[in-house]
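Student: I've got a protein model open and I'd like to learn how to read it. Could you walk me through it?

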Amino acid sequence: MFYSRRHFLSLAVGAGAGLASPLAVASNRGQVGPRARRLRLFNLHTHEAFECALEPGETPVSEMLATFNHFMRDHYCGRIGKMDPSLIDHLMTMTEVLEAPGEVIHVISAFRAPATNRMLEERGKKVARHSMHLTGQAIDIRMPDVALGDVRDAALDLRAGGVGYYRKSNFVHFDTGRVRRW
């Protein structure tokens with residue numbers, strides 16, 4: 001494990017038109033081998049991107065996790081939670097199962113502060129009172145170039161947590177809790 005090689009860069013990405021907006025990207029400094037596993041995420045609410053690459057057997061380092069936590073923050077209030085680091089590995093594996101490694105995953109929701117969860121519940125949204133989003137163990141996603149049912153099936157194949165399929169809302173919920181589906 002070559003953690004000392006990790007460097008983190010700032011990058012500007014724009015929504016749709018390539019215009020600049022601040023965002024954080026985690027990556028190896030051009031020293032990524034051909035078998036490296038890659039993850040590319042785009043937050044639909046903040047218009048930020050997160051990218052990382054890990055060599056086989058390598059695990060995320062603290063700087064990468066801090067960047068990941070910031071990227072996955074509650075987009076309503078800006079509160080940063082501690083995300084389950086295994087989500088990085090699970091999402092990388094899911095793109096490999098889909099034969100789409102490096103494809104962009106759109107993030108709809110990740111960490112959710114308790115006040116945000118209550119606000120959504122009061123607005124009549126169907127949110128779990130004890131949602132795994134509150135503990136940083138859940139993410140709602142879709143992939144623009146992959147059928148939503150295929151994303152669901154790949155998440156189910158991982159047998160790494162709960163998977164919810166929201167066809168009408170166009171997203172898949174994935175969490176690192178007990179294995180279940182809805």
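Student: Let's start with α4. Which of its residues are buried?

Tutor: "Buried" means under 20% relative accessible area, "exposed" means over 50%, and "partly exposed" is in between, with a 1.4 Å probe and protein chains only. In α4, the buried residues are L148, G149, V151, R152, A154, A155, L156 and L158. That is 8 of its 11 residues, so α4 is mostly covered. Before we go on, this is a predicted model: local features need pLDDT of at least 70, side-chain atom pairs count only at pLDDT 80 or more, and totals for chains, interfaces and linings use all residues. Residues are numbered from 1 along each chain as its sequence is written, and side-chain values use heavy atoms, with hydrogens and water left out.

Student: How are the helices and strands assigned, and how many are there?

Tutor: They are DSSP runs, numbered from the N terminus: H or I with at least four residues for helices, E with at least two for strands. Here there are 4 helices and 9 strands, in the order β-β-β-β-α-α-β-α-β-α-β-β-β.

Student: What covers the buried residues of α4?

Tutor: For contacts, look for heavy atoms within 4.5 Å. The cover of α4 includes α2, β6 (138-142), β7 (162-166), β8 (171-175) and β9 (180-181).

Student: How do α2 and α4 cross?

Tutor: The axes of α2 and α4 (residues 148-158) come within 9 Å and cross at roughly 120°. Under 35 degrees is roughly parallel, over 145 roughly antiparallel, 65 to 115 roughly perpendicular, and the rest oblique. α2 and α4 are therefore oblique to each other.

Student: And which residues meet there?

Tutor: From α2 you have H90, T93, M94 and V97, and they meet V151, A154, A155, D157 and L158 of α4. The contact divides into 6 nonpolar, 2 polar and 1 charged residues. In that count, Ala, Val, Leu, Ile, Met, Phe, Trp, Tyr, Cys and Pro are nonpolar, Asp, Glu, Lys and Arg are charged, and the others, Gly among them, are polar.

Student: Where does T95 sit, and is it buried or exposed?

Tutor: T95 is in helix α2 (residues 86-97), and it is buried, with a relative accessible area of 1%. Beyond its neighbours within four places in sequence, T95 touches R38, A100, P101, G102, I105 and M143.

Student: What about the buried side of α3?

Tutor: Within α3 (residues 114-122), T116, N117 and L120 are buried. Down the axis of α3, its buried residues fall within an arc of 100°, so they line one face of the helix. That arc is taken from the directions from the helix axis to the C-beta atoms.

Note on methods
Axes fitted to C-alpha atoms, helices over the stretch in contact; angles between N-to-C directions.
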